[in-house]
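Okay, hi everyone, thanks for coming.

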Protein chains: 2
Amino acid sequence: MMEEFCAPRRLLLGPGPSTVHPRVLQAMSTSLIGHLDPSFLNVMNDVQARLRHLFATVNRFTIAVSGTGSAGMEAAVVNIVEPGDAVIVGVNGVFGTRLAAIVERCGGKAIRIEVPWGQIIEPTMIEERLRRSGPVKAVALVHAETSTGAWQPIEPMSAVCRAHDALLIVDAVTSLGGLPVEVDQWGIDVCYSATQKCLSCPPGLAPLTLNERALSVVQRRRVPCQSWYFDISLIADYWTEHNRAYHHTAPISMLYALREALRIIAEEGLPARFARHHLNSRALMAGLTALGLDPLPPVDSRLPTLLCVTVPASIDEGAVRAQLLERFGIEIGGGLGQLKGKVWRIGLMGESSTEANVLTLLNALEEIGIQSGWVSTPGMALQAAAYAYSVGR
Amino acid sequence: MMEEFCAPRRLLLGPGPSTVHPRVLQAMSTSLIGHLDPSFLNVMNDVQARLRHLFATVNRFTIAVSGTGSAGMEAAVVNIVEPGDAVIVGVNGVFGTRLAAIVERCGGKAIRIEVPWGQIIEPTMIEERLRRSGPVKAVALVHAETSTGAWQPIEPMSAVCRAHDALLIVDAVTSLGGLPVEVDQWGIDVCYSATQKCLSCPPGLAPLTLNERALSVVQRRRVPCQSWYFDISLIADYWTEHNRAYHHTAPISMLYALREALRIIAEEGLPARFARHHLNSRALMAGLTALGLDPLPPVDSRLPTLLCVTVPASIDEGAVRAQLLERFGIEIGGGLGQLKGKVWRIGLMGESSTEANVLTLLNALEEIGIQSGWVSTPGMALQAAAYAYSVGR
């Protein structure tokens, strides 16, 4: 017989999941009701309304896809891309790479604009490619590259996309709820995210929004969407009020959780939330820099939600992460793909973005560093963080 | 500002979700740990071991897909079916229809064997089609048709499939955990289910198992799986011990819940569990028959987990369901597709399959029936159920 599962105590400062508020855990454990129960349909309405606020959009098609963030990515792409369609994809990390792979699995032609990991894509690169290429169905960009910590500007991309009649698809997995994502103002046509990052909700849902321009592209498809599960023309029938046709059974408990997480976000208010993420990331980066760890992205392109620092070859990065986890119960992330063994990825997302967490992590890193010899003077990192806090407030 | 969500009290006797045990709700609300945390990888190992037991298989590839039951269906089909492949699909309800639709979205050719809804597919029909058709990649059947309550025999299908080198794909969404699903003994190559039916876990995961024969078909694909999210050649890298490569973030809380649900199932034991489902369904059917409601499927093909009865035209079926929900807090299901307005679908699945629930539902139906005039004598349904219990034990 299996024993009851007892979770170890963890401070979640990796690339996700982030800390989940006890209120969200409690909401998730609410007794189930049917997925077509009038009371549950109200839960869906509430979630849609709050997601619109978060995405800063009036898009009627604003839902939570029944899957994790990658399901949101797949839903965004498979509904738009048909065989033969050309899609320009900004590739500067794992998630841009994944976007291009999904475009190709739809039979689309992925035109990759590649820059070194950690860098961002310049609007001129997109413009130049759009001008050189034949018709392009969409341009897909990752707002917050979870694998590199790079913060991709989105607003400058919209005009050039519209000028070439290409849709703008944006991955906001590690940004939504932690920094501004202005779907309507920036002219984003398709935007998706995930719950386990800056929304501080368990993984299992992917917020997704499409504007009318994108929906009309979906409606004019020559062939049906290759995915039945992610076909938004079917999913819309369930999420649209006064319709509510059965498509698949919604993950009810996850929607309870998301509703409560969105309620907590509304209570804090977006400007205060964004400022909190900004301040804590500045303090943590000051401390990490004092420890001799340099951020991977250039100074103007560093995400406040996910900090990616290069680990010097003199530090055994895997051993440090193992010590953090085993001795201190702190999870941070290692590198993915070509950055494996070379970087740390530290998430300060949602409930995880607190002053206490910043200080606790820096102190633990400093202690490990002193014992391992790559830190000489105790307290430098905490001092730098304290200074950043005093300046930032 | 949104209020806290307060769920109404519901007795879940519809086609799913079923009642979730408080222990499962509590497990689901456990604090999150990372999806690559060694402790979480143990949770995955436990889930895999218990799912193998439930599927009665030694298949190493036995996992939970990160989506609801329909995601399991899509994962099963998209990994096997390539453009141009012929697949025989038994179509006797909504879910067979859906299987055929997904085959076609893969570019496959769905050869539908259609029988009236509520009936089952005879092995001779499959054999005859296999003999007449050219090469057939797979035969897909729904073990438990949630839309009709029909119980499809699977065991007789395997030999004929193997003789024609076709894989056998089985939908066990409304059977797994409520009645025997003998993957290895019956020669099933691909089998999937859902958590919110007889496992009495919230919706959000789809158990899936493939044997070596099916995995070798996946390995020999000419083109990559059209879905990146459901590509089991990638997913396997995460679920395989000593590998655990990141694919997508697992829905951690859902896996906590599933682990606890599987633990409860192990405590009861499968034979006792199946006997419980059998007994309660007999009693409920006796009571429903006493109320003048006839089961849709023929006598030998009635599921113990989902009872589907024809509602006479003299009864306003929608009004009765509304009364059940509003006055008694009881959810039962209406008809889907061509059965809309014509049947009731009553689930007695997992924690919902209890004597108390059977008696409560019958009493409520009788009370509504007396007030509406379609029941004349009080107590007939309860009496019939009591007799069935006394005989059945």
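Let's start with a single residue. Ala56(A) sits in the loop between helix 2 (38-55) and strand 2 (61-65) of chain A. Before going further, keep in mind that what you're looking at is a predicted model.

You'll find Ser200(A) in the loop between strand 9 (190-192) and strand 10 (206-210) of chain A. Here the surroundings are counted at 27 C-beta neighbours inside 10 Å, so Ser200(A) is classed as buried.

Gly16(A) and Pro17(A) are joined by a cis peptide bond, with omega about 5°. Pro17(A) belongs to the loop between strand 1 (11-12) and helix 1 (22-28) of chain A.

Turn chain B by 180°, with a shift of 0.0 Å along the axis, and it lies on chain A with an RMSD of 0.0 Å. That's the relation of a two-fold axis.

Where do the chains touch? The contact takes 58 residues from chain B and 58 residues from chain A. On the chain B side, helix 1 (22-28), helix 2 (38-55), helix 3 (69-80), helix 4 (94-105) and helix 10 (252-268) each supply at least two residues. Which of them gives the largest share? That's helix 10 of chain B, with seven residues. By class, the chain B side splits into 30 nonpolar, 20 polar and eight charged residues. And 100% of the interface residues of chain B are also interface residues in chain A, so the copies meet through the same surface.

Okay, helices next. Take helix 11 (residues 270-290) and helix 13 (residues 355-372) of chain A: they pack at an angle of about 10°, and their axes are 9 Å apart. That makes helix 11 of chain A roughly parallel to helix 13 of chain A, because angles under 35 degrees count that way. Who does the touching? Asn280(A), Ala283(A), Leu284(A) and Gly287(A) from helix 11 of chain A meet Glu355(A), Val358(A) and Leu362(A) from helix 13 of chain A. Sorted by class, that contact has four nonpolar, two polar and one charged residues. If you're wondering about the spacing, an α-helix has 3.6 residues a turn, so residues three or four places apart point the same way.

Let's look at helix 13 again, this time in chain B. Several residues of helix 13 of chain B are buried, including Asn357(B), Val358(B), Leu361(B) and Gly369(B). The buried ones pack against strand 1 (11-12), helix 11 (270-290), helix 12 (317-328), strand 13 (330-331) and helix 14 (380-392) of chain B.

Zoom in on Gly369(B). It is buried, with 20 other C-beta atoms within 10 Å. Leaving aside its neighbours within four places in sequence, Gly369(B) contacts Leu291(B), Trp374(B) and Val375(B). Gly369(B) and Ile315(B) are 54 residues apart in sequence, yet their C-alpha atoms are 8.7 Å apart. After helix 13 of chain B comes Gly373(B), with a positive phi near 95°.

One last stop: Ile154(B), in the loop between strand 7 (150-151) and helix 6 (158-163) of chain B. Buried or exposed? Ile154(B) is buried, with 23 other C-beta atoms within 10 Å. Beyond its neighbours within four places in sequence, Ile154(B) is in contact with Leu141(B), His143(B), Val170(B), Trp186(B) and Ile188(B).

Note on methods:
Residues numbered from 1 in each chain as written. Chains lettered and ligands numbered in written order. Predicted model: local features only at pLDDT ≥ 70, side-chain atom pairs only at ≥ 80, totals over all residues. Buried ≥ 20, exposed ≤ 12 C-beta atoms within 10 Å, placed from the backbone. Helix = DSSP H or I, 4+ residues; strand = E, 2+ residues; numbered from the N terminus. Contact = placed C-beta atoms within 7 Å. Nonpolar A, V, L, I, M, F, W, Y, C, P; charged D, E, K, R; others polar. Least-squares fit on C-alpha atoms with pLDDT ≥ 70 in both. Axes fitted to C-alpha atoms, helices over the stretch in contact; angles between N-to-C directions. Parallel < 35°, antiparallel > 145°, perpendicular 65-115°, else oblique.
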